[in-house]
Amino acid sequence: MTIKRNKIAIVTGGGRGIGRAIVTRLRNDGAQVVTCGRGARPQDLDESVLWVKADVSKTEDAKRIVNAALELGPISVLVNNAGIQVEKTVRDTTDDDWCCVVDVNCKGVFNMCREVLPGMTEGGGAIINLGSIAGIVSEPSMAIYNASKAFVHSLTRSIAVDYGPTVRCNAVCPGWILTALSESAFALAKDPAKAKADALARHPARRFGRPEDVANTVAWLVSDESEFVTGQCFTIDGGLTVASPIQPGLF
Ligand code: NDP
């Protein structure tokens with residue numbers, strides 16, 4: 001289930017968390033990987049990985065990331081992983097919150113797809129977008145984050161339909177994967193330890209996700225093993241969203 005060696009892959013936001021696990025997995029599978037983030041190159045990033053300091057929400061930065069990858073050759077994989085979260089209801093959401101979340105989670109994904117699609121349409125390729133269970137069921141107090149991920153799911157289907165013969169486009173929808181982003185969400189709970197214990201109990205898998213759980217699915221979706229799979233959103237949540245709302249242990 002490995003990707004063809006020497007594929008050129010862009011993974012946005014590969015400095016940490018899920019993005020880093022995807023970078024590592026694709027590199028181990030033989031791809032040449034380009035990644036980005038808004039800060040300096042992380043010191044522990046493998047030296048074979050090309051780092052571009054860039055903000056995907058900016059059109060010019062998206063162009064720079066794609067041009068850097070094109071220097072290596074035709075791009076056959078794009079993983080739109082960079083994303084941010086603001087934990088607020090609609091009433092509390094400010095204009096700045098709106099700009100942050102929508103610019104990165106929606107416009108960032110759009111920018112990157114628009115830049116890679118011309119070349120990818122010629123040579124063929126796979127785009128994987130990081131959606132979320134939050135785009136399917138609503139996490140409390142995360143209104144525009146939830147909506148931004150529903151946008152990602154919809155854009156995924158549109159790209160699959162419009163570029164079908166040569167480009168496959170799928171989304172992965174993680175549940176609670178333990179990273180800086182999910183830990184910051186737990187930290188906002190009235191009782192973070194209780195919130196975490198309650199969330200854990202609701203997972204049939206009885207564990208939270210690991211970044212590698214997402215990277216494994218991405219590796220399959222960029223491989224030829226999934227060549228008839230496009231326009232789909234794959235939930236990776238340890239069964240959280242299929243469980244009945246009745247708290248486990250009460251029966
Ligand atoms: P982290 O916050 O741990 O990592 C996010 C990465 O994206 C960082 O490297 C960050 O680097 C980068 N990034 C953020 N904004 C930008 C930007 N504008 N341009 C370029 N890079 C950017 O998040 P996770 O690893 O947890 O999440 C990764 C993706 O998975 C996100 O899209 C998230 O919404 C999604 N997801 C995560 C879940 C979870 O439970 N963790 C659940 C469902 C979905 P920097 O800040 O330095 O720019």
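This is a predicted model: local features need pLDDT of at least 70, side-chain atom pairs count only at pLDDT 80 or more; totals for chains, interfaces and linings use all residues.
Figure 1. H153 touches G131, S132, G135, I136, A171, C173 and C233, leaving aside residues up to four places away in sequence. The residue belongs to helix α4, which spans residues 143-162. H153 counts as buried because its relative accessibility is 4%, and the cut-off for this class is under 20%. A polar atom of the H153 side chain lies 3.2 Å from the backbone nitrogen of S132.

**Figure 2. The largest nonpolar core.** This core has 30 residues, and I10, I65, I75, L78, M112, V116 and I127 are those with the most contacts inside it. At least two core residues come from each of β1 (8-12), β2 (32-37), α2 (59-70), α3 (95-123), α4 and β6 (167-174). With seven residues, α3 gives the most to this core. Another core, of 25 residues, lies apart from it and includes A31, L45, A215 and I236.

**Figure 3. Contacts of L78.** Not counting residues up to four places away in sequence, L78 touches I10, M112, C113, V116, M120, A126, I127 and I128. L78 is also one of the residues with the most contacts inside the largest nonpolar core.

Figure 4. Oxygen atoms of the ligand lie 2.9 Å from a backbone N or O atom of I18, 3.0 Å from a polar side-chain atom of K149 and 2.8 Å from a backbone N or O atom of I177. On its own, the ligand has 880 Å² of accessible area, and the protein covers 93% of this area.

Definitions and conventions
Residues are numbered from 1 along each chain as its sequence is written. Side-chain values use heavy atoms; hydrogens and water are left out. Helices (H or I, at least four residues) and strands (E, at least two) are DSSP runs, numbered from the N terminus. Buried means under 20% relative accessible area, exposed over 50%, partly exposed in between (1.4 Å probe, protein chains only). A polar contact is a pair of N or O atoms within 3.5 Å; within protein, one must be able to donate a hydrogen and the other to accept it, and residues adjacent in sequence count only if both atoms are side-chain atoms. Contact means heavy atoms within 4.5 Å. A nonpolar core is a set of buried Ala, Val, Leu, Ile, Met, Phe, Trp, Tyr and Cys residues joined through side-chain atoms within 4.5 Å. Accessible areas come from the Shrake-Rupley method with a 1.4 Å probe; for residues, only the protein chains shown count as cover.
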